[in-house]
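Take a walk through this structure with me.

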Amino acid sequence: MTDAAGYRLVRPAAAAAAPAAAVRLDPAGRAVVDHRSGPLLVLAGPGTGKTTLIVEAVVEAIEGRGIDPESVLVLTFSRRAAAELRQRITARLARTVREPLARTFHSYAFGLLRMRAALTGGPAPRLLAGPEQDLMIRDLLAGNADTGSVGWPAALVPALRTRGFAAELRDLLMRAVERGVDAPELAAYGVRLRRPEWEAAAQFLQDYRDVTALAGGVAYDPAELIRAAVDTLESDPELLEAERRRRRVVIVDEYQDTDPAQEQLLELIAAGADAVIVVGDHDQSIYGFRGADPGMIRRFPETFTAPDGSPAPTVALDVSHRAGPVLLAASRRIAARLPGPAGHRDLVADSDLPAGELDVAIFTSASAEAAHAAHVLRSAHLRDGVAWDDMAVLVRSTVTTLPQLRRALSAAGVPVEVAGDDLPLAQQPVVAAILLLLRCAIDPQQVNPASAVELLRSPLGGADAVGLHRLRRELRRADTAAGGHTPSGLLLAAALHDPTLLGQVRGGSAQPAERVAGLLATACERIRAGASAEDVLWAVWSQTRLELRWERQARAGGLLGAAADSDLDAVVALFDAAARYVDRMPAATVDTFLDSIAGQQIPGDRLAPAASPAGRVRVLTAHAAKGMQWEVVVVAGVQEGSWPDLRRRGTLLGSETLVDVAAGIDPALVGLPPPEAMLAEERRLFYVAVTRARRSLTVTAVLADDETPSRFLDELDPLGPAEEREPRVSRRSLSLGSMVCELRGVVTDVAAPPRRRRAAARSLARLAAAGVPGAEPDSWWGLAPLSDDRPLVDDGDPVGVSPSTVGRFGTCELQWFLERVGASTGTGLAQGIGTLIHRLAELQAAGAAPDVLRRQLDEVLATSDLGPPWRARIEGDRIRSMLAKYLTWINGDGAARDLVVTEAPFEIEVGRARMRGRVDRLERDADGRLVVVDIKTSASSARSAELARQPQLGSYQLAVAEGGFGQLDPSREPGGAVLLSLGSHVKANEQRQPPIDDDPDPQWARQLIQQVAEGMGGASFRAVPNSRCPICVARHSCPASPFGVPGPDDAGEAGA
């Protein structure tokens, strides 16, 4: 065409694609390609060239033997593998064919059903999408709950409306259909094995099929598709005979991943074929949770016999074309521990391959591990020229490891792409906030203190921890002025319901709540108007105006830019999912869409795989990496307890038992898989992960208090008898940001040589002139003006204080402040143990006998996750020892005083301080004075020199003196305090603080609390070096710590 300016658009001539060259085959490969008659089993380990052999076998059949391409059928497990095979076969043939030569089992079955419908004039088949199937199941279950039409056991009735039960039922029905178990047979199994839930599920299965038959045409879910094709062929001899005549060569890839229904389909169509070749490796069978039966590949020679009745021959490929000697030897060490036949595992590396590199490393934190992964990838790209898309990071599960990995890789300038089926969309922060907002709009009762905080802290509200604290304080002030005593959490929730409550909030603190309240109102209005999920999302999104801020951040680059890109991608994926959902089910409501997203662990339910963008490092699970390979592979997060994950995973409805029963296993022997079978499954998955690398493999784990590297590391890279794997220090990543950080560290290090500091300053000046973020000193932390110099608590207002914070604030003001606003590791194992021991102490005081306490402790430990088995035993023994020490103390030194009460609350005012707390035990001594006992489960005790003025114990004594316990002590005379340590020493260690009235300065506790309250309400907080600095969660951003930004003084100060 020609436009007004005279330009003409011309399509460029496409270069003629050269046909793919033939490959050189070894003897085993030649035997496969030349196979012409009967069945053949090909055992193909990782990297042995099975895909190439399949392509060559197809080309030989078509060009060497003159077989019509439409008479050749290649079946495989996944759409991605089928697409790759089609592309390679077409390139090798240098021509196109009318029908796709390679298909998935499901695609082939659907084609059969569609052909049968065309021949008979029946309705065209339709494939049920995942969300549609889930909606049908949940609607039917809701009807069951309302009418009782299906006789579910009474214990299960309360669960019928839950998403989890629907998922369990769907899994049971899929396993039944795959195994050819129809409704009457499932009911019979239920009667025979005394499982009434199976009898109810059988009736449900019949109802479900009736509904799908009425849903328009003939609708099939993925599990029914294969079985329907089998039934069609068995019921139509003419169609079966015609299909057998068409298929002269049948090849199946990844045979270890097939299920019994697929095996039965193959038996039907292959009976008339000249040759049937199946390719697989039982060592790579990792899809048992989807119904795959790895036993079928072992049974293949007996199931598919040769024309003379003998077992089908087997060919084992024995040359690795992917891994060189070093990597191959490492993977052989893992393979040697797998059960089953081992002959096919004896591989040799192709002589043209490089040796390869193996690196097994452990780190002291997940952040250091992620930083090392970033360094490995950038080093391979910058130094060795490896393309980004020829590298991958593999993990056991992206749910727990993905956020930290993405942050570290993006911060280091590594472009990342996460596979769609590995990205839990509902867990993306911005998406989670939008979904929560919609749920609150549907059900206003869900706007509670917790959800209000989550919405306000999300990108929708934009409040930081300090701003949220000020908003709480302002709402309390306004409520108190009106004579109320409502907790601040309830006031936050009420303000989102009724924004007029924000009218008395001063200083702009109300803006986050006003934003969220406006979004809630918009969502409520659109939902009441009957808008679709897509329309409601668009109305909310348009009002947020987040795209403007994220666009600016994305253009600026850096860590914030990467985060903005990620958030925008997540929102686009959410709109994508909403559009597909509305297209499939126009009448569905917003709440069913939310249930669909929450029920899926992926961003959508695409019927076709999305293309992977070029120029990015893939981050995906080991399951998703099956069948793929890269030059450089990092396998991260290989922790004991998660890889291998040996937790017993039985299902509520017993789908794993049904699989065993349908396979003919004695019902007395069925049940959960034994630990050795679970370990073998996990080891196979690790084997798949470590065999994806062509040149370089890095495997990492974390060694910390609650984390232990997996046993698989030592299997992959064995150590000598006296060797230990020491944690490494993560190196600076090869990025401009890391370089700027290192140069800034040198410039501000007063101990560095002047010449080195000047060189670093010159380099920073060059980087700053080039516009590199962070190089310009005006942007450095500590030099920029404070964004808000107001005190944390307004002058004159009370300051909330607890006895524990009195000591922590005195130790380091900055650490207290940062932990208060969110820089905390959260509740961990140590806190959980402390809570458990305190609860047992409370039960003992209520009269529980020692045997009862021990039994209750064992019950709790049996259901607690204390880490891998060896660690769980150690922790269990340690906790039992604490209880034993406590019981011994109660009957010994603890009997010297009389118990008054346990878990006693108190509240007192000391100057500006409003101190609230709770004491573990309140006892009375022989003189009638109250003595506070504080129980500690940590391994450390108080120093004797510090005990007399230990802040927490002193705070408790002041509470007694100020009448904090009311009528329990009219005299208000403290008798001292006791620190009872159970985590150290052979027995309980009782350390006593004398009564504060006996101290040379009886006012020391009062003065300390007043001083702490003034500091906690101030505008700046000092960083004070102390013995806990090396384990402080804020050490990397501390001006007084050698782990953070070094300063010229021993202490630093930060503004609020």
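The protein chain holds 37 helices and 24 strands. Helices (H or I, at least four residues) and strands (E, at least two) are DSSP runs, numbered from the N terminus. This is a predicted model: local features need pLDDT of at least 70, side-chain atom pairs count only at pLDDT 80 or more, and totals for chains, interfaces and linings use all residues. Residues are numbered from 1 along each chain as its sequence is written, and side-chain values use heavy atoms, with hydrogens and water left out.

Of the 1056 residues of the protein chain, 48% count as buried. Buried means under 20% relative accessible area, with a 1.4 Å probe and protein chains only. Contact means heavy atoms within 4.5 Å. Among contacts in the protein chain between residues at least 6 apart in sequence, 76% join residues at least 24 apart.

Now the sheet. Six strands make an open sheet with parallel pairing, in the order S11-S16-S15-S12-S14-S13. Two strands pair if DSSP finds at least two bridges between them. Strand S11 (357-363) and strand S13 (416-418) stand at the edges; each has a single partner strand, so one side of each lacks a neighbour in the sheet. From one strand to the next, the twist averages 20 degrees. Axes here are lines fitted to C-alpha atoms, for helices over the stretch in contact, and angles run from 0 to 180 degrees between N-to-C directions.

Look at one pairing inside the sheet. Strand S12 (residues 391-395) and strand S14 (residues 617-621) run parallel over four bridges. Val393 has Val619 in S14 as its bridge partner. Helix H14 (residues 366-384) packs on the sheet and touches S11, S12, S14, strand S15 (630-635) and strand S16 (693-702). The direction of H14 makes about 160 degrees with that of S16.

Turn to the rings. Rings of Phe, Tyr and Trp (its six-membered ring) pair if their centres lie within 6.5 Å; planes under 30 degrees apart count as stacked, over 60 as edge-to-face and the rest as tilted. The count comes to 15 aromatic pairs. One of them is tilted: Trp152 and Phe204, 6.4 Å centre to centre, 55 degrees between the planes. Trp152 lies in the loop between helix H5 (130-147) and helix H6 (163-178), and Phe204 in helix H8 (residues 196-213), so the pair ties together parts 52 residues apart in sequence. Trp152 and Phe204 are buried.

Trp816 and Phe1021 also form a tilted pair, at 5.8 Å and 50 degrees. Trp816 sits in helix H31 (residues 813-820) and Phe1021 in strand S23 (residues 1020-1023), so this pair ties together parts 205 residues apart in sequence. Both Trp816 and Phe1021 are buried. Ring pairs link Phe809, Trp816, Phe817 and Phe1021 into a cluster.

Conventions:
Buried < 20%, exposed > 50% of the residue type's maximum accessible area, 1.4 Å probe, protein only.
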